[in-house]
Amino acid sequence: MKDLMMASAVGLLVVLVALVASTKASGGGWKYGETKHGVYGPEDWGKVSHYCDGRSQSPIDFSDIEDNDDDDDNALEVRFSSEGVSGEVTNNGHSPTFAILKGSATLGDYTLGQFHVHFGCREGRGSEHTVQGTGFDGEIHMVFFKTVYGSVEKAADKTDGLTVVGVFLKKASSSSTMLQTLTKNMEHIKSQGTKAAYKPIKLDKLVPGLSSGKRAYYNYKGSLTTPPCYESVNWIVLKNPILVTLKDLWHLRMLQSSHGKQTGKMCDNFRPVQKLNGRKLHLFE
C-alpha cells in the first residue's frame with residue numbers, strides 16, 4: 001500500500017512539473033522590438049505560443065507568385081450594409097482596433113468582426129506584408145470570421161476560421177474623406193487602454209472596388225500575425241494600395257503604447273516577414 005501511495009505521489013509530481021514547464025515555455029507578455037524584462041519580441045514569440053514557430057506563418061513577402069489567374073470565380077466581392085459599420089475603437093497597446101457592433105460586411109460564409117491598422121514611425125515601412133521586398137506605410141486588416149463560429153475569438157483556432165483582407169496604405173498628397181474619418185478617431189484613444197465610440201464608416205468608400213469584384217489581390221494560407229499565431233487565416237491582400245496623407249499618419253503615430261518597438265509609441269507595430277516554406281502564392285487579377 002505504501003509503495004502504491006509513493007508511486008501515485010511521484011506520478012502527481014511529474015504531472016505538476018510538466019505543467020509548470022509547459023507554462024514557462026508557452027505564455028507571457030509580448031511586444032514589438034527586442035525581448036526585454038520578460039516581455040517577448042517577435043523573434044521570441046514562440047515562447048508565448050508554440051504556434052508562432054509554425055511553418056505557415058504570416059506575414060510574408062510577395063515575390064514568387066505561383067499562379068496568376070483572372071478567373072471570375074475568384075472575384076473579391078464583399079457585401080456591405082448601406083449604413084456602414086460602427087462600434088467601438090480601442091487602443092489595446094498593439095493596434096487601434098475597431099470592433100463592429102452595428103452594421104455588417106460579409107464575404108461569402110464569413111462575417112467581418114473587426115479591423116485594425118499596422119503602421120510605421122516613418123515613411124516607407126509599417127505594412128506587415130511586403131512586395132518584392134518593399135513595404136508600404138501601413139496596412140489595414142479586415143478580420144472576417146466564419147459565420148457559423150459566431151465570433152473572431154471562437155473562430156481564431158479553427159483551420160477554416162478566418163479570412164483577413166489586407167489593404168496597403170501608401171503616402172500621398174491626398175486621401176479619401178472616409179480614411180480621414182477613420183484616422184481622426186485616434187484623437188480619442190491616444191493613451192493605451194482607452195476606447196471610444198466611432199461614427200459609421202463605409203468600408204466600400206474607404207476601399208473603392210471592394211464590393212465590385214474588380215480588385216486584384218494576392219492569396220495564400222497563413223496565420224494571425226500576433227500571438228497566439230494560429231495558422232487559421234485565408235489571406236487576401238489587395239495588390240494596389242489606398243492613399244494616406246502625412247496628416248493621417250500623424251494621427252496614427254501619436255498613439256501611445258508600452259508594447260511598441262519605439263519607447264512609449266505604438267508605431268512600427270508590424271511583424272517581420274516569415275518564411276514561405278513551400279506554400280503556394282496566387283495573384284488574381
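Trainee: Numbering the bonded cysteines of the protein chain in sequence order, what is the pairing?
Mentor: The pairing is 1-3, 2-4. Keep in mind that this is a predicted model.

Trainee: Okay, and how many disulfides is that by count?
Mentor: The count comes to 2 disulfides.

Trainee: Let's take cysteine 52. Which cysteine does it form a disulfide with?
Mentor: Cysteine 52 goes with cysteine 229, and their sulfur atoms sit 2.1 Å apart.

Trainee: Where do those two lie?
Mentor: Cysteine 52 is in the loop between helix 1 (2-25) and strand 1 (61-62). Cysteine 229 is in the loop between strand 12 (217-222) and strand 13 (233-238). So the pair ties together parts that are 177 residues apart in sequence.

Trainee: Is that disulfide right-handed or left-handed, and why?
Mentor: Right-handed, because the torsion about the S-S bond of cysteine 52 and cysteine 229 is about 80°.

Trainee: And cysteine 229, buried or exposed?
Mentor: Cysteine 229 is buried, with a relative accessible area of 0%. Cysteine 52 is buried too, at 5%.

Trainee: On to the other link. Which cysteine is joined to cysteine 121?
Mentor: That's cysteine 267, with an S to S distance of 2.1 Å. Cysteine 121 lies in the loop between strand 7 (110-119) and strand 8 (130-131). Cysteine 267 lies in the loop between helix 5 (246-253) and strand 15 (282-284), so this pair ties together parts 146 residues apart in sequence.

Trainee: What's the handedness of the link of cysteine 121 and cysteine 267?
Mentor: Right-handed, with 90° about the S-S bond.

Trainee: What does cysteine 121 count as, given its relative accessibility?
Mentor: Partly exposed, because its relative accessibility is 22% and buried means under 20%. Cysteine 267 is buried, with a relative accessible area of 2%.

Trainee: New topic: the largest nonpolar core. Which residues touch the most other members?
Mentor: Phe115, Ile140, Met142, Phe144, Val165 and Leu206 do, out of 43 residues in that core. Strand 7 gives the largest share of this core, 5 residues.

Trainee: What does isoleucine 140 touch?
Mentor: Leaving out residues up to four places away in sequence, isoleucine 140 touches Phe115, His116, Val117, Val165, Gly166, Val167, Leu169, Leu206 and Ile242.

Trainee: What about a second core, how many residues has it got?
Mentor: The second, separate core has 20 residues, including Val143, Val164, Leu281 and Leu283.

Trainee: What do nonpolar side chains tend to do in general?
Mentor: In soluble globular proteins, nonpolar side chains tend to be buried together.

How values were computed:
Residues numbered from 1 in each chain as written. Predicted model: local features only at pLDDT ≥ 70, side-chain atom pairs only at ≥ 80, totals over all residues. Heavy atoms only, no water. Disulfide = S-S within 2.5 Å. Helix = DSSP H or I, 4+ residues; strand = E, 2+ residues; numbered from the N terminus. Buried < 20%, exposed > 50% of the residue type's maximum accessible area, 1.4 Å probe, protein only. Core = buried A, V, L, I, M, F, W, Y, C linked by side-chain atoms within 4.5 Å. Contact = heavy atoms within 4.5 Å.
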